Amino acid sequence: MAKSLRVKIDGAGQLKAAGARAAGRIKQELQSALEAEAAELEQDAQDNVRVDSGDLRDSIEARVGDMTADVAPRSGNLDGPYEKAMVNEFGKSSDPGQPYMVPAAEASRKRWPERARQAIERGANG
């Protein structure tokens with residue numbers, strides 16, 4: 001014969017509500033950290049890109065959504081500025097290139113874990 005055990009936890013509703021509030025604060029803090037990281041990545045790429053007219057540098061833009069970020073040159077022209085962006089990053093036989101997006105992304109990859117940890121901590125301790 002199976003035995004059953006019932007446990008009643010006083011305050012379980014308040015604990016659940018507090019957990020939901022903390023989750024909301026953590027998400028807000030992570031979103032803010034993501035926006036800051038995207039802005040820093042954008043600035044790093046702009047600082048590192050080779051500048052002729054400044055069009056390529058000025059086209060590098062961060063677009064941030066709900067827990068997403070995309071930082072890239074936004075030239076929109078596959079035959080003109082897009083090709084210039086690719087040659088600047090990766091080079092070609094007559095031009096060694098000067099990487100700007102990959103170094104910026106690598107710097108971000110190193111920064112992000114600590115930035116995210118701090119955001120989670122701020123949200124949890126909110």
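Which residues form a nonpolar patch on the surface?

1. In this predicted model, the nonpolar surface patch consists of Y82, M86, F90 and V102, and their accessible area together is about 390 Å². Helix 3 gives the most to the patch, with three residues. F90 has its place in helix 3 and is exposed, at a relative accessible area of 55%.

2. E89 also belongs to helix 3, which covers residues 81-90. E89 is buried but has no salt bridge; R50, the nearest side chain of opposite charge, is 9.4 Å away. The side chain of E89 instead reaches backbone nitrogens: that of M101 lies 2.7 Å from one of its polar atoms, and that of V102 is reached at 3.0 Å. Beyond neighbours within four places in sequence, the contacts of E89 are Q98, P99, Y100, M101, V102 and P103.

3. The whole structure has 14 salt bridges. One of them joins the side chains of R115 and E37, at 2.5 Å from N to O. This pair links distant parts of the chain, with R115 in helix 4 (residues 101-125) and E37 in helix 1 (residues 12-48), 78 residues apart. R115 is partly exposed, at 22% relative accessible area, whereas E37 is buried, at 3%.

4. Another salt bridge pairs E114 with R117, whose closest N and O atoms are 2.6 Å apart. Both residues lie in helix 4, three residues apart, or about one turn of the helix. E114 is partly exposed at 36%, and R117 is partly exposed at 39%. Elsewhere, salt bridges with shared partners join E37, E40, D44, R111 and R115 into one network.

5. D70 and R74 also meet through their side chains in a salt bridge, at 2.9 Å from N to O. D70 counts as partly exposed, at 39% relative accessibility, and R74 is partly exposed at 22%.

Key. Residues are numbered from 1 along each chain as its sequence is written. This is a predicted model: local features need pLDDT of at least 70, side-chain atom pairs count only at pLDDT 80 or more; totals for chains, interfaces and linings use all residues. Side-chain values use heavy atoms; hydrogens and water are left out. Helices (H or I, at least four residues) and strands (E, at least two) are DSSP runs, numbered from the N terminus. Buried means under 20% relative accessible area, exposed over 50%, partly exposed in between (1.4 Å probe, protein chains only). Lys and Arg count as positive and Asp and Glu as negative; His and the chain ends are not counted. A salt bridge is a side-chain nitrogen of Lys or Arg within 4 Å of a carboxyl oxygen of Asp or Glu. A polar contact is a pair of N or O atoms within 3.5 Å; within protein, one must be able to donate a hydrogen and the other to accept it, and residues adjacent in sequence count only if both atoms are side-chain atoms. Contact means heavy atoms within 4.5 Å. Patches are made of residues with over 30% relative accessible area and no salt bridge: like charges are joined within 9 Å, nonpolar side chains (Val, Leu, Ile, Met, Phe, Trp, Tyr) within 5 Å. Accessible areas come from the Shrake-Rupley method with a 1.4 Å probe; for residues, only the protein chains shown count as cover.
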